[in-house]
Amino acid sequence: MNVSIEVNSRVIQARKGETILSALNRNGIRVPTLCYMSELSPTGACRLCVVEVEGRDNLVTSCSHLVEEGMQIKTHSPRVVRARKTLVELLLSNHPDDCLYCERNGHCELQNLAAELHIRERKVLRKSFSQKLDLSSPSIVRDPAKCILCGRCVRVCDEIQSVSTFEFVKRGCNMYVGTTMSRDLNFSNCIGCGACVMVCPTGALYERQNVAEVMDTLSNPELVPIVQVAPSISVSIAAEFGLKPGKDINGMLYAALRKIGFKYIFDSASAADIATTEMAEELLKRKENGTQLPVLSSCCPAWVKFVEQWYPELIPQLSAVKSPQQVMGSLIKNYFAPANELNPSKVYSVSVMPCLAKKFEAQREEMTTRGLSDVDSVISTRELVRLIKLYGVDLQNIESQHADKPFHIRSSAGKLFGISGGTAQALARLIFFKLTGKDLVESKITEVKLGQGVKAFSFKCAEKTFTFAVINGLQNIHNIIPELINSKTPIDYIEVMACPGGCVSGGGQPYEPDKKMVKLRAKAILEIDEADGIKCAARNPIVQAVYQEFVGEPGGELAGKLLKTRYSKRDVLL
Ligand code: SF4
Ligand code: SF4
């Protein structure tokens, strides 16, 4: 049911029970806020969304007040703008004045708001906060001096990821955001998903930068720089270069990376096909033996760390197959390098990922072979954008190129790894093909109801029924996972991605508060799949060649050494 409200002397329709802010936004009226997030309960902490309501003495926070029939609202009256300006001046009163050197320069909501309100001098001066910069994590840097106590990180980590790394400590003007027992991030329970980085409005949280070391490598004649690009990257950066948001610019991206100086460029989706081949073998074996089921996906390193910390009893169920990033890294140094007379220790393997937890994954000691890391450096999508701009590559005027042999062909199932449900779909297609010699078509898939927050489907082949579940976002996982594992439904495989929507909304993707952008990226990947001629890993000739020339049998001895890993219990303060 609708209610009529008057906003700035214009009547608009609002939905009964919605907040003033929601009604304003739906009607194209923008009110600033630094703490609000549409998917979480409002706190009114920053108070910047205040509006004037006829008949009320005080300004009201539009994020936490519901609309009422006949309400008369002013969103930008002189009184409202003055109040917002004072609030921002107070936030700036102890904020460091180093915008030029800040990681978020140009992407800072506080900076934008100060410009919008035309704040051109420091009116109030308070003692700045002295907590030290936290550089302990391989994924995330925390600069508490830039924290404005909006609480977004506290809520996203608790309510969306159910990790609860951050909390408000102390009260009043002594309040700050800290970790449990004030431990550095690397020693806290943080899983490195980067969700907090995506919502932080200032430079208080940002990714650990690896661009400088990659640039050093590019100019070092002793080293051979090789780069792999994750499936979701090609549909995530067009808007950063003035191109249509969500446009697939795969070929242009390869050309840009070549101009920058990478010697070889590989498609991680090709390695996703190899990882799927190993996972299919693993799942079929476990199903035959009736042990370690359901297989839990291990492609998302944030989810793997989550299991190691909270559910070590589930570690045997995690797939032992390395993630596509690590599979590609291992094949580059152990297969491609020797085959091309390159010394593996002189190969510098870089990966471009939409994820900050991948920086942590690449550093794990389990991800090394004969003392060499599979992957030497991981840069996020945002860092890739910086790198392309830094090297002066004009992406709008570049001819598309192909990736390099041997990892230049992928199936569209490999590309699907970039979205939630993609890994499960790729695995289902391959298992069906292995057991029947035919492609798994839509009509053979049946949706299964397993409970809130879980998508599931089943398919039959070779007189067996396979049931796969898909979970994205770790919200409520503490309830879902034990229930799924103990339920009577025989689930064979559970795909879990820490980021809601999967890698297209990863913590390393361009800062984009608009969820529409994430949907455009996912749509682009689905369209690629729709149009592609190779839809299953089994039909990728590269997979066949890698096994024939090097790995041998899927699940064999060499695959065990190079394409699989192990995980172990992790003690942290929870
Ligand atoms: S660290 Fe960022 S997101 Fe967290 S409270 Fe501070 S400003 Fe807000
Ligand atoms: S990276 Fe993820 S787990 Fe770590 S503090 Fe941020 S939201 Fe929480």
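Mentor: In this predicted model, C147 is partly exposed, with a relative accessible area of 27%, whereas C190 counts as buried at 12% relative accessibility (buried is under 20%, exposed over 50%, partly exposed in between, with a 1.4 Å probe and protein chains only). Residues are numbered from 1 along each chain as written, while chains are lettered from A and ligands numbered from 1 in written order. Local features need pLDDT of at least 70 and side-chain atom pairs pLDDT 80 or more, whereas totals for chains, interfaces and linings use all residues, and side-chain values use heavy atoms, without hydrogens or water.

How many disulfides are there? The count comes to zero disulfides, a disulfide being a pair of cysteine sulfur atoms within 2.5 Å.

Turning to the strands (DSSP runs of E, at least two residues, numbered from the N terminus), β1 spans residues 2–7, and its covered face carries V3, I5 and V7, while N2, S4 and E6 lie on the uncovered one. In a regular strand the side chains alternate between the two faces of the sheet. β1 pairs with strand β2 (residues 10–15) in the antiparallel sense over six bridges, where pairing requires at least two DSSP bridges. Within that pairing, I5 from the covered face of β1 has I12 in β2 as its bridge partner. The two strands, β1 and β2, form a hairpin with two residues between them, and N8 in the turn has a positive phi of about 50 degrees. β1 is also joined by two bridges to strand β5 (residues 72–74), and these two run parallel; here V7, again from the covered face of β1, has I73 in β5 as its bridge partner.

Elsewhere, five strands form an open sheet with mixed pairing, in the order β12-β20-β19-β18-β17. The edges of this sheet are β12 (295–296) and β17 (446–448), each of which pairs on one side only. For β17, the neighbour is strand β18 (residues 455–461), with which β17 pairs in the antiparallel sense over three bridges, and V448 has A456 in β18 as its bridge partner.

Terms used: Helix = DSSP H or I, 4+ residues; strand = E, 2+ residues; numbered from the N terminus.
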